[in-house]
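My notes follow in the order in which I made them.

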Amino acid sequence: MKKKFLWLAAFSLFISFAASAQGGGMRMPIPDRVKMIMDKLADFKLDKDKSAQTDSVFTAFFTAQQKMMEDMRAGGGQVDRDKMMEGRKKLMDERDEKLKKIFTDEQYKKWKDEIEPTTRPQRQGGGNSN
């Protein structure tokens with residue numbers, strides 16, 4: 001009886017570690033994502049008005065992106081990757097047009113070249129390092 005219990009406990013522990021290693025598919029909440037971006041933009045030294053506008057742009061972007069993904073998943077079946085990428089690009093272009101009006105040319109260039117690439121989720125390396 002004790003052996004069965006120990007095996008069950010060990011198996012449960014293994015499953016919980018495996019599940020947590022997968023990340024659970026949970027996304028960071030929108031306010032946390034916006035805060036992360038705003039923290040990365042701290043060296044832009046935006047005034048209060050521009051900071052509020054920027055916060056609003058990113059909140060709208062992440063909200064629209066989340067809604068788009070929910071709508072695609074609600075359709076059932078497999079998500080059309082091309083349609084998803086097209087929709088995401090459209091949202092990013094709209095966001096960037098708004099940011100161009102808020103940032104200076106120098107700030108916008110720094111956003112596109114240095115900061116934006118660090119905001120994309122990075123995939124963990126597989127075991128295939130050939």
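**Salt bridges along the helices**

I began in helix α5, where Lys109 and Asp113 both lie, four residues apart, about one turn of the helix; helices here are DSSP runs of H or I with at least four residues, strands are runs of E with at least two, and both are numbered from the N terminus. I noted that this is a predicted model, in which local features need pLDDT of at least 70 and side-chain atom pairs count only at pLDDT 80 or more, while totals for chains, interfaces and linings use all residues. Residues are numbered from 1 along each chain as its sequence is written, and side-chain values use heavy atoms, with hydrogens and water left out.

Lys109 and Asp113 form a salt bridge, with their closest N and O atoms 2.6 Å apart; the term asks for a side-chain nitrogen of Lys or Arg within 4 Å of a carboxyl oxygen of Asp or Glu. Lys109 is exposed, at a relative accessible area of 53%, whereas Asp113 is partly exposed at 45%. For these words I used under 20% relative accessible area for buried, over 50% for exposed and partly exposed in between, with a 1.4 Å probe and protein chains only. I also recorded that salt bridges with shared partners join Arg95, Asp96, Lys112 and Glu116 into one network.

In helix α4, Lys100 and Glu97 lie three residues apart, about one turn of the helix, and their side chains meet in a salt bridge at 3.5 Å, N to O. Lys100 is partly exposed at 42% relative accessible area, and Glu97 is partly exposed at 44%.

In helix α3, Asp71 and Lys67 are four residues apart, and their salt bridge has an N to O distance of 3.0 Å. Asp71 counts as partly exposed because its relative accessibility is 47%. My search of the whole structure found eleven salt bridges.

**Where α4 meets α5**

I then looked at how helix α4 (residues 81-102) packs on helix α5 (residues 105-119), and found an angle of about 135° with the axes 10 Å apart. The axes are lines fitted to C-alpha atoms, for helices over the stretch in contact, and angles run from 0 to 180 degrees between N-to-C directions. The two helices, α4 and α5, are therefore oblique to each other; angles under 35 degrees count as roughly parallel, over 145 as roughly antiparallel, 65 to 115 as roughly perpendicular and the rest as oblique. From α4 the contact uses Met92, Arg95, Asp96, Leu99 and Lys100, and from α5 it uses Tyr108, Trp111, Lys112 and Glu116, where contact means heavy atoms within 4.5 Å.

**A buried arginine**

Which side chain of opposite charge is nearest to Arg33? I found Glu70, 9.2 Å away, and Arg33 is buried yet has no salt bridge; for charge, Lys and Arg count as positive and Asp and Glu as negative, with His and the chain ends not counted. Arg33 lies in helix α2 (residues 30-40) and, leaving out residues up to four places away in sequence, touches Arg27, Met28, Phe62 and Gln65.

I followed this to Gln65, which lies in helix α3 (residues 48-74) and counts as buried at 10% relative accessibility. Apart from neighbours within four places in sequence, Gln65 is in contact with Arg33, Arg88 and Leu91.

**The whole chain**

Last, I noted that the protein has five helices and zero strands, and that buried residues make up 23% of its 130 residues.
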